[in-house]
Every structure is written in structure tokens, then in C-alpha cells.
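Please walk through this protein with the sequence and the model side by side.

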Amino acid sequence: MEESGPLVTEMHAYRELFEQFAGHVCAVVMVVGGVVPYIPQYLHIKRTDQHEGFSLYVCLVLIIANTLRIIFWFGHWFETPLLLQSIVMNLTMMAMIHCCVKCRNKTQVLPKKEKIFTDFNYEYFWEWSDFQSYVEFVLTFATFGCMAMYLFLNNKLFVEVVGFAALLTEAMLAAPQFYRNMKAKSTHGMSGKMVCMWLMGDVFKTGYFYVRSSPVQFTTCGCLQVLLDLAVISQCFIYTGKKKDFIN
């Protein structure tokens, strides 16, 4: 019995050390794991100069969702890894937009009328000709969002609505890609690896939310995101062998 005491204490120490290590690994995965799915798509666009298979509205959804999540953090603090994840994801989406806009301008045969954000023409919203317009939109959206949070910081209902809006928007991430595939009756140009990584990441993320007892909005919207990922993956099988060129 005397020998079991130190042994038990040592086992508890190793267990705590392992739990701390696992926690740090999960935190790192949460921060950078969301970026990984977009690497194959980014490389595909760079290699082929074809961006039509990827919906830029995916970037819009993620930028809005993660910007709202950052704003939500000021009213309702949550874990730092989730905050860092939002910052890293926004930077990644801006890199994806830059790549697509550069590719589109490079492959454009005939000159077209320039479309910029400061025209404030809703008819070509998110279809601007230059990367600067996308930056201006993101900064404008973030500024107004921060101002609203500052004014209503003490309004608990407003803060929670912002948090739910952020997570619900992110949960609809795959919806633009699903619509584009359905409209074209094809998944040509879309990286299958990207979608599979979406699914793996969202399953991990939802489990992380549940284990870490994150606000209920996180877990609920995570489940919805997994279902949409599965819907896009099903299109890869439905439209197999039905490659169809997109007309820009």
C-alpha cells in the first residue's frame, strides 16, 4: 500500500501532462486546421489558371462569419484558439480572393468595364475587377460591425445574436459551392480534397466544441456544417463523368 501511493501520484502527473499536451495539439489544429482544405484548391488555380470551379462566395461567407465571430469575442469572450482561427481564416480567404482575381484578369481575352467597390453597384457585388475592392469591403464591414458592438456592448441579446449570426453564416459555408455545382451539373474545377478536408475538419471542430462545452451556438451550427459538407460530397458521385465547362 505504501508503494502504491507514489505510483498513483506519478500516474496522475503523467496523465495531467498528457492532457495538457493533447490540449495544446488540439488548439494548434483548431487555429491552422481550417486553412489546410484550401491549399489543394489554391494550388489547382495557380497551376491551371482556372478559377471558375471554385465559388468566390465561399470566401465571402467565411469572411463575414469570421469577422462577426471576432466582433462577438469583444462581447462574449471565448477560447483564444477560436479567435486566432478566425483571424487566420480571414487572411487565408483574402489570399484565395487575390489568387482568383489575378487569374481572372490574366485569362480575360477582351477588356471589360472596370467594376469596383466604390461604385456601390449591387448588380456586380462580389464580382469586382480588382483585389483592392474586396479589401475595402472587408474593412468597411468590420468597421461598422465594431461600431455596432461598441454601442450595444451591454445589450446581451444583441451580443448573442451576433454570435449566432457568425456561426450560422459559417455553417452555410458549403452552400455557395453546392449551388454552383448544382447549377452547372458538374463538380469540374472543384477540388475534391478540399471538400473531404472540410468534412474532416468540421467533424473535429464540432467534437471540439462539444468536449470543451463551448456556447450552444457553436455545436448546433457545427452539425449543420457537417450535413452541408456531406451534401457537396454526394454531388461528386452524382455528377461523376459529367464534366461541364463553366462560362464566366
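Of the 248 residues of the protein, 40% count as buried, where buried means under 20% relative accessible area, exposed over 50% and partly exposed in between, with a 1.4 Å probe and protein chains only. This is a predicted model, in which local features need pLDDT of at least 70 and side-chain atom pairs count only at pLDDT 80 or more, while totals for chains, interfaces and linings use all residues. Residues are numbered from 1 along each chain as its sequence is written, and side-chain values use heavy atoms, with hydrogens and water left out.

The protein has nine helices and zero strands (DSSP runs numbered from the N terminus: helices are H or I of at least four residues, strands E of at least two). Among contacts with a separation of 6 or more, 78% join residues 24 or more positions apart; contact means heavy atoms within 4.5 Å.

Two packed helices are described by the angle between their axes and the distance between the axes. The axes of α2 (residues 38–48) and α4 (residues 80–107) come within 10 Å and cross at roughly 20 degrees. Axes here are lines fitted to C-alpha atoms, for helices over the stretch in contact, and angles run from 0 to 180 degrees between N-to-C directions. That makes α2 roughly parallel to α4 (angles under 35 degrees; over 145 is roughly antiparallel, 65 to 115 roughly perpendicular and the rest oblique). On the α2 side the contact is made by Y38, Q41, Y42, I45 and K46, and on the α4 side by M89, M93, A95, M96, C99, C100 and C103. These residues divide into 10 nonpolar, one polar and one charged (Ala, Val, Leu, Ile, Met, Phe, Trp, Tyr, Cys and Pro count as nonpolar, Asp, Glu, Lys and Arg as charged, and the others, Gly among them, as polar).

Helix α6 (residues 156–171) packs with α9 at an angle of about 15 degrees, their axes 8 Å apart. The two are therefore roughly parallel to each other. Their contact has eight nonpolar, two polar and two charged residues.

Which residues touch the most other members of the largest nonpolar core? They are Y38, I97 and W126, in a core of 37 residues. A nonpolar core is a set of buried Ala, Val, Leu, Ile, Met, Phe, Trp, Tyr and Cys residues joined through side-chain atoms within 4.5 Å. Helix α4 gives the most to this core, with nine residues.

D202 is found in helix α8. At 6% relative accessibility, D202 counts as buried. Not counting residues up to four places away in sequence, D202 touches Q225, V226 and D229.
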